[in-house]
Every structure is written in C-alpha cells, then in structure tokens.
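Dear colleague,

I am handing over the structure below, and my notes on it follow directly after. Please read them with the structure open beside you.

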Amino acid sequence: MGQRILIDTIARTATNNSSDQNRTVTGGAAHVIINMLAVPGTDTVTFALQGKDAKGNYYTILSSAAIVAVSQVVLKVGIGMLAAANTVANDCLPDTWRILCTHSAGSSFQYNVCVNDLTLN
C-alpha cells in the first residue's frame, strides 16, 4: 500500500495528465483523491482514470463528472466495490495507468491529485 502525489498543486490552463503509474504488487485497487482548489467562472475540469494497453494506447476506466466548484472528489477502483457513476468502478487497476485532466477552457485552475493504493481482502 502507498500514498503519493500524482499531480502537485500549481495553476494550470490546459488539459494535462499524470505520469504513468504502476500497480502495486499488493494492490489492484485505489482511491484517487482530487482536491479542486480554484475554479474560474463557469469553466470545469473532468478527471479520468485511464489504463494503458500493450500498444501504448490509453482507455478510460472511470471518469468524474465535470467539477464546477472548489471541492474534493474521490474516484474509487477495485474488484468488489459497488459501482457508481462517475465515482466508483468495480474493476482492478491495470499494470499501467494514469489520470487525465481535461479542461473545458483555457482559464487558470488550481488542483492536486493524490492516490492511496489499497489491498482488498
């Protein structure tokens, strides 16, 4: 298990992503914590947890709803979790995954993204 920062807090004006992450040996499940610290006007950011296939292509496992206000959102992924739209996926983390942050406009947003790797018994 582990806790780490995937995307640190700075002002961002464009779509970006975390670096590729490797599933932990004991894990396969995670809580991804999004801390939205500043949202300009009516603009939004959507966060997607994406797996990476053997050819290097990314695919979405779970996507948040558009975040429109200062808030904390947790995306949960794990086998046996009760699936819920935009928040929980009953799935395991693939060997390689990342977080994609899609901005609706070029305004300046501030957020950070952290992860807690989990072991489910």
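The accessible surface of the chain comes to about 6100 Å², and carbon and sulfur atoms account for 52% of that area (Shrake-Rupley method with a 1.4 Å probe; for residues, only the protein chains shown count as cover). Please bear in mind that this is a predicted model, in which local features need pLDDT of at least 70 and side-chain atom pairs count only at pLDDT 80 or more, while totals for chains, interfaces and linings use all residues. Residues are numbered from 1 along each chain as its sequence is written, and side-chain values use heavy atoms, with hydrogens and water left out.

Of the 121 residues in the chain, 40% are buried (buried means under 20% relative accessible area, exposed over 50%, and partly exposed in between, with a 1.4 Å probe and protein chains only). The secondary structure consists of 10 strands and 0 helices, where strands are DSSP runs of E with at least two residues and helices are runs of H or I with at least four, numbered from the N terminus. Among contacts (heavy atoms within 4.5 Å) between residues at least 6 apart in sequence, 74% join residues at least 24 apart.

As for the cysteines, the structure holds 0 disulfides, a disulfide being a pair of cysteine sulfur atoms within 2.5 Å. Cys-101 is in no disulfide, and the nearest cysteine sulfur, which belongs to Cys-114, is 12 Å away. Cys-101 counts as buried because its relative accessibility is 0%, whereas Cys-114, with a relative accessible area of 22%, is partly exposed.
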